[in-house]
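User: Please take a close look at one helix pair in this model and at the nonpolar cores. A connected account would be appreciated.

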Amino acid sequence: MKVAAFLPTYNEAGNIGRIIDEILALKCSPHVLVIDDQSPDGTGQIVQEKAAADSRIHFISRLPPRGRGLAGRDGFSWFQAHPEFDLLVEMDADFSHQPKYIDDFVQHIGEADVLIGSRFAEGGGETGRPWSRQLISAAANKYLGFVLKTKVKDCTSGFRTFTQKSLSGIDFTKYKSTGPTIVTEVLFDLIRRKRKIAEYPIIFEERAWGDSKLSWKVLVRSLFFPLGMRFAKLFK
Ligand SMILES: Nc1nc2c(ncn2[C@@H]2O[C@H](COP(=O)(O)OP(=O)(O)O)[C@@H](O)[C@H]2O)c(=O)[nH]1
Ligand SMILES: [Mg+2]
């Protein structure tokens, strides 16, 4: 299985070098794709220098406008354009998503089209974040399971493994998300397309360095976005 780990980045200079090294050292010998939005802290330069010395590192510097969702769409499109890779593992660059799980995902994806690294699967959880943020995550996921009519327990996890089949036929330029709602937009689309979705327990950790880009405004928007998706489907 040929694996590519995909990390969207914005201001991850204190994390990116170390996380790339950890990913490249894994048993499943993955490649790394970093899509950066011209981070002012120099994340892009760090990756570029590493990429010049190692052909397993792929780097894309995006032009404005920036956004987690826009970078996400570019990552999925890159995977579709590189069928030599069997699996794409989408993950944050801040160590919330521990690289060691990539080996587990590759081993456990089995017959599934998508394997979600899940905080709410049996054996999963999180450490380090304040209980208030954990409570919001748990409540948001209960709500999303209801709105998206799915048994998936962790609908907002951005640590996921995709097969080529899971994304086949999807035109990401038609997606609506520019920000983090890309996570639920992809999930809803895959549910609608009846892809086989499985979950694998992970322990989510607080980011190692730097700040979250998720503001309250974005969080609230993320909760309303799936309602919009459902209504759009009802009236189609
Ligand atoms: N390319 C790109 N990546 C982003 C942007 N915003 C966030 N990210 C990355 O997306 C991942 C998740 O963002 P983060 O701020 O950790 O969100 P949180 O985990 O929900 O707090 C991290 O790797 C970020 O560096 C953006 O505008 N562009
Ligand atoms: Mg994070």
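Analyst: The crossing of H7 and H8 is right-handed, the term for a near helix turned clockwise from the far one by less than a right angle, anticlockwise being left-handed. This is a predicted model, in which local features need pLDDT of at least 70 and side-chain atom pairs pLDDT 80 or more, while totals for chains, interfaces and linings use all residues. Residues are numbered from 1 along each chain as its sequence is written, and side-chain values use heavy atoms, without hydrogens and water.

The axes of H7 (residues 182-192) and H8 (residues 216-234) cross at roughly 30° and come within 10 Å; H7 and H8 are therefore roughly parallel to each other, a label for angles under 35 degrees. On H7 the contact (heavy atoms within 4.5 Å) is made by Thr 184, Glu 185, Phe 188 and Arg 192, and on H8 by Phe 225, Pro 226, Met 229, Arg 230 and Lys 233. These residues divide into four nonpolar, one polar and four charged.

The largest nonpolar core has 29 residues, of which Leu 7, Ile 23 and Ile 102 touch the most other members. Such a core is a set of buried nonpolar residues (Ala, Val, Leu, Ile, Met, Phe, Trp, Tyr and Cys) joined through side-chain atoms within 4.5 Å, buried meaning under 20% relative accessible area with a 1.4 Å probe, protein chains only. Strands E1 (3-9), E2 (31-36) and E4 (87-90) and helices H1 (13-24) and H4 (100-108) each give two or more residues to this core, and H1 gives the most, with five. Apart from this core lies another, of 28 residues, among them Phe 85, Ile 116, Phe 172 and Leu 190.

Definitions and conventions
Chains are lettered from A and ligands numbered from 1 in the order in which they are written. Axes are lines fitted to C-alpha atoms, for helices over the stretch in contact, and angles run from 0 to 180 degrees between N-to-C directions. Helices (H or I, at least four residues) and strands (E, at least two) are DSSP runs, numbered from the N terminus. Angles under 35 degrees count as roughly parallel, over 145 as roughly antiparallel, 65 to 115 as roughly perpendicular and the rest as oblique. Ala, Val, Leu, Ile, Met, Phe, Trp, Tyr, Cys and Pro count as nonpolar, Asp, Glu, Lys and Arg as charged, and the others, Gly among them, as polar. Buried means under 20% relative accessible area, exposed over 50%, partly exposed in between (1.4 Å probe, protein chains only).
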